[in-house]
Each structure stands twice: as C-alpha cells, then as structure tokens.
Amino acid sequence: MLCQECNMRPATLHFTKIVNGEKTEFHICETCAKEKGEMIPGTPNGFSIHSLLSGMLDFDSSTKSQSPGHSGPQNLQCKDCGMTYAQFSKLGRFGCPSCYQYFDNRLDPLFKRVHGSTNHVGKVPVRTGGRLKVKRQIDDLKKEMQQHIVQEEFESAAELRDQIRELEKEMTEE
Amino acid sequence: MPNIRFTEKPLSDWMRGDAADSEIVISSRVRIARNLQHLPFPMLATNQQSAEALQRLTDILQYDDLGGFGTFHTLKISELDEIDKQVLVEKHLISPNLANESRNGAVLISDDESVSVMINEEDHLRIQCLYPGCQVREAWERAMVIDDAFEAHVDYAFDDRRGFLTSCPTNVGTGMRASVMMHLPALVMTHQINRILSAVSQVGLTVRGIYGEGSEAVGNLFQVSNQITLGQTEAEIIENLHGVVLQIIEHERSARERLMNESMLRITDRVMRSFGILSYAAVLDSKEAAQRLSDVRLGVDLGILERPSTAAMNELNVMTQPGFLQKSFGDKMNTEERDMYRAKLIRQKLGTTL
C-alpha cells in the first residue's frame, strides 16, 4: 500500500483517528507523518496506554540506583522469546508468558502502581492452576481449624488437621 | 467466501429485548483475556506460531459447543473487506485493534451475536459477552462458562502469583474487563457529570467514550469499566462495578426528575426540536446526529415522545456510523456525502420521506 499523502513511499503507519466520534483511517509513510505532524499513537503527542506504561517503567528504572559491576535491569532478558527488559519498558508489553518469570523481581513496583496490588486472588484454571487450588484449599481449612480451636471444638479441629496433612502430602508427592 | 451476515443488519439479536434499567444502561459487556502456554503473545509470534494458536483455538469448536450458546461462526480477519471490518467494530463485535491485524486474526461469533471470541488480538484469546441493559453479572457468568469450555481443551498461561498472564501488564491477574455503557444526558445537562466521574475513578473504575481509548463521549454515552485486574477476585470486580452503576443510575434518575419538575417546558422544547431536526434535516454530521439522538432517547424515556422504540434508537446509533453508512449506500463516500446519507437514513427510520 502506498502512502496516501505522497503516493510515492510505502505506507508504514496505519492508524485510526477519532475526532468527535468521527473515525478516519490513515495509511501514510513516516516522512509524511512527521511533516504533517499527525498524532501518532506511542509518540509524545499521542496517547496510548503503552506509552503511558513505558513512561512508568522508565521512571522505575531511573529511580533505582544501580551498583557498578552488577548487571542492571536493562540487561535482563527473557530466555524464551528474547525480549529484553529495555524493550519491555519501551513497548509496555510482554513478549511471552515466560517474560513474567524473567522480569519477576522488577514487576512488583509496576503492578503496585497500576493495580495497587501484586498478587492474583481470582479464578484459578483447572488444568494449569492445580497446585494453587490445593494451596488455597489448605489455607481455607487452616483458618477454619483455628476457629474450632478458639471455640475449643478440638475434635472438629483434629479432623481438619488430618485433612490438611493429607492435602499437604499430596502436594509434596506431585 | 466468509459468512458476513453479521455485517448486514445493524442490530444484533441480543439488543432487541427489554432489560433492567435499559432507559439508562444501554449494554453490559465482559471481556476476558487468555493466552496459551508455551507460545509467544501475538505481537511477537511468528506467522507459524499465530497460525498454530488460531488452529488450536478454532479446533475446539469441532468437539465443544462452548457452553451451549448456539452455533459459532468463524470469520478470518484477512478475508474481510475494510467496510465489513469497520461494521464489526461499530457493532462492538471486534476491536479496532483486531480489525487492523492481518496475521491470523479471527473472530468467532455466536448466532445471536451476544458472544464474540477474538483470536490473535493483543492476546491469543479474548472472550466477550454482551448483554442489553444492566446485566453485568449475567455477562460475567456467561463469559466464565465459555472460558471453562476453552480451558477444558487447552493449557492457559497462568502463574500462581500473577494469575492469568497477558500481553499488557494492565490486564494481568483476572484478565477481565467488565464495562457498562450508560446514557447520562441529565447528569451532563445539570453539570454533575464531572463530579460523578471523578468519584468513580477513585474506586478503581474508569470512564471512557463509547469507542474506547482516546475517544470522547458522544451523544452523552459513557462507558464505565474496571481499571484493576490484579488483587481483586472477579466477583469483587463485578460487585464493585455493579454497585457504582446502580448509584449512577439513581443520580441520573433524580437529575431527570429535577429537570422535569423545574424546567419541563425547556426540556420538552429541546426534545421536540431535536426530533424535528432529525425528521427533516438534509445534512447531519455525526456529532449533531449523536446529540439529537440522545435528546430523542431522553424524550422517549421521559414520556415526552411515544416513539421511536429503544430498539430503533439502538439501531440508529449503529446505522449512522461511517462503516454502516458505506455498507448501506455504496462503497466510497466523502464526509459531505456521508452527512447527507446519514440524514436520509434517519428520516427514513423516523418515518418521513422528504
């Protein structure tokens, strides 16, 4: 597709502009985009959630002092998809599920800022979340057992204790 | 040839029925983002990898009815023309993001168009359920059933601490975005809207124009949705949103009552003028059409006008969008032509043939 402005260079930027609910599609080359000064998502003039996020991530890395000799967060890399932390901070998006593991110790401040929290408490999938489901079950049983102990219902508490042991055994055997 | 019947009529079957609080809440929507394990997210996936994701996810339709919500139809984005894609966006069946995605993007749409499942959008899988009126709980329950149906056949990318892993950090955890589209003309007229919107943002919710990120609210339509996806359960997110929406409904109702008590003549005049303009105008730009349609919708809700019906109003909101106009009246048109055809279409719908 050729640039709709100059009709010479190939269009490399495709975006939709919405003004007062009126949508216009643009297919233009980078040179014309710069000349026209159009709002391009991801640039300082434009607004996108990703540019906003990458702003947060840059802020995050600049506030942490890096001791010399240590590899900074910018050198972190996901071994599965090859995404570096520097790329992640620029794009504001992960490359693959493993990025979460490789960048893990850098993510808490980001999640705190975006969600006010760092840990998932919601739905657990049956196939890939089996262990977590058992862990949550054990936590619930422990709470229940404590209540029985407080109310001096030791027989019920002992029953729950056995159930907890059984579940814990299952988990270590896996 | 792809099945494009979904782009032929403006109103999805799910929007026809009457629903709770539908004079203020247009629709409720729940979207869930999921990804497959061991595959890069669509942004980084090779052509082969995104084709694999598409294959694995569409294969499920052969042996699962996805929770019994009727037949699902698969549309590959690369096989659709530009206008059909735009119409699907205007009907909220696909996102603008997916419309621009040529690499193995697809959508599965249920018969009544209340469920659409996007494949290879920002995430491998985005399940979306739409309900009329204030039925965010129902939409959530339905989305969960379809989620379970997919999960019975594929391994999702999930982490004990972070929950469902998504391409964008703003969706991680539950991967769930619940939103409610509201028509709030009285709150806008009485200048209370900003106060309410800023209060809403303080409880982890966000408000946007109807076509999503970056667009302003046209025709007094606002979309309220959850901002937080990590650290709250799905039920908490839904209850929080539902509770706030009920409060906004109450505020809008009392603002309407006050307007009727204190300035009935002026409101009636405004509604009738808008009805008159929509009935006889020869040219209507999209902003004016949206504003006048909002006045008329309010007029019907307040009993000032007897028609058009809510279904007809919903239909007009979609039909007057650029994609649909081009679909109805011919391929390419400039802004002026669009404004002319928009006016013509509204006149026809309101029963005048001038």
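**Notebook: where chain A meets chain B**

I began with polar contacts (pairs of N or O atoms within 3.5 Å, one able to donate a hydrogen and the other to accept it, with residues adjacent in sequence counted only if both atoms are side-chain atoms), and found 23 residue pairs of this kind across the interface of chain A and chain B, both residues at pLDDT 80 or more. This is a predicted model, in which local features need pLDDT of at least 70, side-chain atom pairs count only at 80 or more, and totals for chains, interfaces and linings use all residues. Residues are numbered from 1 along each chain as its sequence is written, chains are lettered from A in the order in which they are written, and side-chain values use heavy atoms, without hydrogens and water.

Next I asked which element of chain A gives the most to the side that touches chain B. It is α5(A), with seven residues; helices here are DSSP runs of H or I, at least four residues long, numbered from the N terminus. By class, I noted 20 nonpolar, 15 polar (Gly among them) and nine charged (Asp, Glu, Lys, Arg) residues on that side.

Then I looked up salt bridges (a Lys or Arg side-chain nitrogen within 4 Å of an Asp or Glu carboxyl oxygen). The interface has nine, and B:D148 with A:K123 makes a salt bridge at 2.7 Å, N to O.

Last came the extent. I found 44 residues of chain A in contact (heavy atoms within 4.5 Å) with 57 residues of chain B. The buried area, meaning accessible area (1.4 Å probe) lost on being put together and summed over both parts, is about 4300 Å², with 56% from carbon and sulfur atoms.

Technical notes
Buried area is the accessible area (1.4 Å probe) that two parts lose on being put together, summed over both. Helices (H or I, at least four residues) and strands (E, at least two) are DSSP runs, numbered from the N terminus.
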